[in-house]
Amino acid sequence: MSWIDVLDGGMLTTVQDLGRVGAQKYGVPASGAMDGLALRAANRLVGNADSAACLEMTLSGPELRFGAPVVIALTGADLGALVDGRPTARWQAVSVAAHTVLTCAGVRDGMRAYLAVSGGIDVPPALGSRSTFTRSALGGFEGRALRAGDRIPVGVAAEPPRGPGRRLLRYAVPVYGHAHSLRVVMGPQDDAFTDEGIRTFLAETYTLSTQSDRIGCRFSGPRIAHRTGADIVSDGTTLGSVQVTGDGLPIVLMADRGTTGGYTKIATVTSVDVSRLAQAMPGDRVRFVRIGLDEAHGLLRGAHAWLDAIRQPGTQEEDPAAIYDEDSGAALAAEGYLDLASALGGRLAPSPRPART
Amino acid sequence: MLTPPRVLPAGDRALVVEYGATIDAQVNARVRGLAATLDATAPTGIIETVPTYRSLMVHYDPLRLAVSDLERILLAADAGLADEAVLDRRTVEMPVVYGGEFGPDLAEVAAHHGLSEDDVIAIHAATDYLIFMMGFMPGFPYLGGLSPRIATPRLATPRTVVPAGSVGIAGQQTGIYPTDSPGGWRLIGRTPVQLFDAARTPPVLFEAGDYLRFIPVSARESAEIARRVASGAFAPVIRVESVHPS
C-alpha cells in the first residue's frame with residue numbers, strides 16, 4: 001500500500017482517468033482528463049494501463065509528498081515541477097524515493113499537467129470511473145479537488161515497477177504556445193448558420209475567455225450569424241462540440257459538459273485538438289480549421305501510433321534516423337510522432353495514414 | 001411509411017442519428033427503439049448511446065469500428081424497428097408532499113391560474129408523464145405532458161439552492177431536481193425518494209421512455225418513506241403494462 005500526501009492542493013488538482021462511460025444516458029457527464037493524450041502518455045511511461053487514474057494539475061500545481069518509492073511521469077503542461085527542489089524531466093519515467101516532495105515553481109507552457117504514478121491513483125471507482133466530477137461530488141477523492149491534509153491512495157504496481165528511464169523523444173514532446181489551430185469536423189447543426197456565419201467561424205481569430213473551465217472553453221471574437229436562431233430541441237453533446245449560443249460566440253464543450261444541450265452546434269473539434277485546447281490559457285488566440293472526417297480519423301491514428309511508440313525500445317534512441325532503420329512498425333510509429341508533433345504544433349498534418357496492422 | 005433518420009457527424013468519435021427537430025412522442029419512441037436495439041446487440045466499437053428528445057447520440061471508437069460500417073449498422077438497426085411487436089410501458093410512482101414548506105410556490109401557481117391549491121395538485125397528479133430524456137444534471141428527467149392549465153413561468157430571480165427532490169414547474173415543463181442545485185423553477189412539492197445514487201446499479205430509478213406518476217402523500221407518510229430510503233429499504237412502485245402497437 002502506497003500513498004501521496006497533499007501538502008498544498010494548488011489551484012485545481014483532481015483525480016482523472018479516461019472518463020465515465022455508460023452513464024451519459026442517465027445525465028451523468030463523462031468527465032475524465034481534459035488532455036486525454038497527455039494522460040495516456042503519462043500512464044504508458046510508468047507502465048500503467050491507459051485507463052489508470054492520474055492527477056490533473058491546473059496552472060499553479062500542488063505540493064505533494066510520496067509515501068513510498070514509486071515511478072512517476074509528468075506530461076502535459078510544464079508547471080516548472082521540482083522534485084526535492086531540483087528540476088525534473090517531463091515526459092519521462094522517473095523513480096522517486098519515499099518522502100520525496102514534488103513542488104511546482106510556476107507555469108511555463110500549457111495549462112494542465114498530468115502526474116502518473118506506477119500502480120495508478122487508487123480511489124474507489126464510481127459508476128466505473130475514478131474521474132472527479134466536482135459539481136455532483138462524484139468519483140475522485142471524496143468527489144472534490146485535492147487540498148492540504150488529503151492522503152491519496154496509490155495502487156500496487158507491476159513488480160518491479162516498469163518504466164524508469166522510458167521517455168519520449170525530445171522532438172516528439174509537444175510545445176503548446178499561445179496560438180492554436182483547432183481542426184474541426186463541421187456539424188451536426190452547421191445548416192443552422194448562414195454562409196457568412198460559417199465564413200466568420202472559419203476565417204476569424206477567437207480569444208479564449210477567462211470564463212473557461214472543465215465544462216467548456218468560451219471565446220470572445222466576431223459574432224457567428226445563425227439563419228433563424230440559436231435554440232434547438234435539446235440533443236446530445238460530445239467532447240469538443242462547438243456550441244454557438246444566442247450571442248453568436250462559440251463555446252467548446254469539454255470533459256465535464258452536460259450530456260445534452262439546447263444550442264446549435266456548428267462543428268466538433270477533433271479529438272487530437274481537444275487535447276491541444278485543454279492546454280490553452282485564457283487570452284490565447286485560436287483559429288478553427290475545417291477538415292474532413294477521414295482526415296480527423298487519420299490524425300487520431302497518428303496520435304495513437306505516437307502513444308504506441310512509448311512502449312517500444314526504439315524510443316530510447318535520440319537519433320530519428322535510428323528509428324527509421326528499425327522495422328516497419330517502428331518507422332510507422334516515428335511517422336506518428338511527426339503527425340502528432342505537427343498536430344500539437346497547430347499546423348495541418350499530412351494526409352491520413354493507414355491504420356497500423 | 002417512416003422516413004429514414006439523418007446520420008450526422010459529431011466529430012471523429014460520435015454520430016448523431018436524427019429522427020426529427022421537434023418534441024414528439026413518436027419521434028422519441030424511434031430514438032429509444034434504436035437505443036434498445038443497439039443495447040441488445042452491442043456491436044463492437046460502439047462505446048455508449050445517449051437518447052434525447054429527437055436523436056440518438058452514438059459514441060464510438062473509430063480505431064475499432066470504421067464510420068462507414070457504423071453507419072450501415074445504424075441504418076440496418078433502424079430498418080428493423082418496425083418489427084417491434086410489443087413494448088413494455090413502465091410507470092414509476094413518485095410520492096410527493098405538495099405545498100407548505102415542501103412546495104413554497106404552490107399558492108402562487110394556484111393564484112396565477114385562479115385555481116385552488118387542491119386543484120393544482122389534482123391536475124399535476126392526474127397524468128402519466130413521459131420521460132423524453134435524461135440530462136442537465138445526473139438523474140434529471142425531461143418530462144412531457146404537463147397540463148397547460150398549470151403551466152407557469154419561471155421565477156424572475158432563481159433560488160440559489162433548491163433542495164434535492166423538489167418538484168417544480170417551468171413554463172410547459174415539470175420536473176424533479178435530483179440533487180441540491182440553484183434553480184428558477186416554481187416549486188410545488190418535494191419527493192423523499194433519492195433519484196440519483198452513484199452507489200446504486202443503475203444509479204437512477206427510471207430512464208428515458210419510462211413514465212412518471214406523482215402520488216400525493218402527507219408529510220407524515222413522506223417522513224416514513226424518507227426513513228426507508230435512508231435504510232435502503234425503499235423501492236418505488238413500478239407499474240408495467242404491455243402495449244401492442246396498432
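How many residues of domain 1 of chain B are in contact with residues of domain 2 of chain B? Seven residues of domain 1 of chain B are in contact with six residues of domain 2 of chain B, where contact requires C-beta atoms, placed from the backbone, to lie within 7 Å.

The model shown is predicted, so local features need pLDDT of at least 70 and side-chain atom pairs count only at pLDDT 80 or more, while totals for chains, interfaces and linings use all residues. Residues are numbered from 1 along each chain as its sequence is written, and chains are lettered from A and ligands numbered from 1 in the order in which they are written.

**View 1. The two domains of chain B.** In chain B, the domain assignment gives domain 1 (6-83) and domain 2 (88-243); such bounds come from an automatic or database domain assignment. The C-alpha centres of these two domains of chain B lie 29 Å apart. On the side of domain 1 of chain B that touches domain 2 of chain B, helix H1 (residues 25-41) of chain B gives the most, with three residues. Helices (H or I, at least four residues) and strands (E, at least two) are DSSP runs numbered from the N terminus. By class, that side of domain 1 of chain B has four nonpolar, two polar and one charged residues. Here Ala, Val, Leu, Ile, Met, Phe, Trp, Tyr, Cys and Pro count as nonpolar, Asp, Glu, Lys and Arg as charged, and the others, Gly among them, as polar.

**View 2. The two domains of chain A.** Chain A is assigned domain 1 (2-167) and domain 2 (186-290), with 28 Å between their centres, taken over C-alpha atoms. In this chain, 20 residues of domain 1 of chain A are in contact with twelve residues of domain 2 of chain A. Helix H1 (36-46), strand E5 (70-78) and strand E10 (109-117) of chain A each supply at least two residues of the domain 1 side. That side of domain 1 of chain A comprises nine nonpolar, eight polar and three charged residues.

**View 3. The barrel of chain A.** Seven strands of chain A close into a barrel with mixed pairing, in the order E12-E19-E16-E17-E14-E13-E20. From one strand to the next, the twist averages 40°. Strands count as paired if DSSP finds at least two bridges between them. Helix H3 (residues 271-278) of chain A lies across strands E12 (179-186), E14 (216-220), E17 (250-253) and E19 of chain A, and runs at about 145° to E12(A). Axes are lines fitted to C-alpha atoms, for helices over the stretch in contact, and angles run from 0 to 180 degrees between N-to-C directions.

**View 4. Strand E19 of chain A and its partners.** Strand E19 (residues 265-269) of chain A pairs with strand E16 (residues 241-244) of chain A in the antiparallel sense over three bridges. Across this pairing, A:Val242 has A:Ala267 as its bridge partner, and A:Gln243 stands opposite A:Lys265. E12(A) and E19(A) also run antiparallel, joined by three bridges; A:Val185 stands opposite A:Thr268. Because five of the five residues of E19(A) are buried, the strand is largely enclosed by the rest of the structure. A residue is buried if 20 or more other C-beta atoms lie within 10 Å of its own, with C-beta atoms placed from the backbone.

How values were computed:
Contact = placed C-beta atoms within 7 Å. Buried ≥ 20, exposed ≤ 12 C-beta atoms within 10 Å, placed from the backbone.
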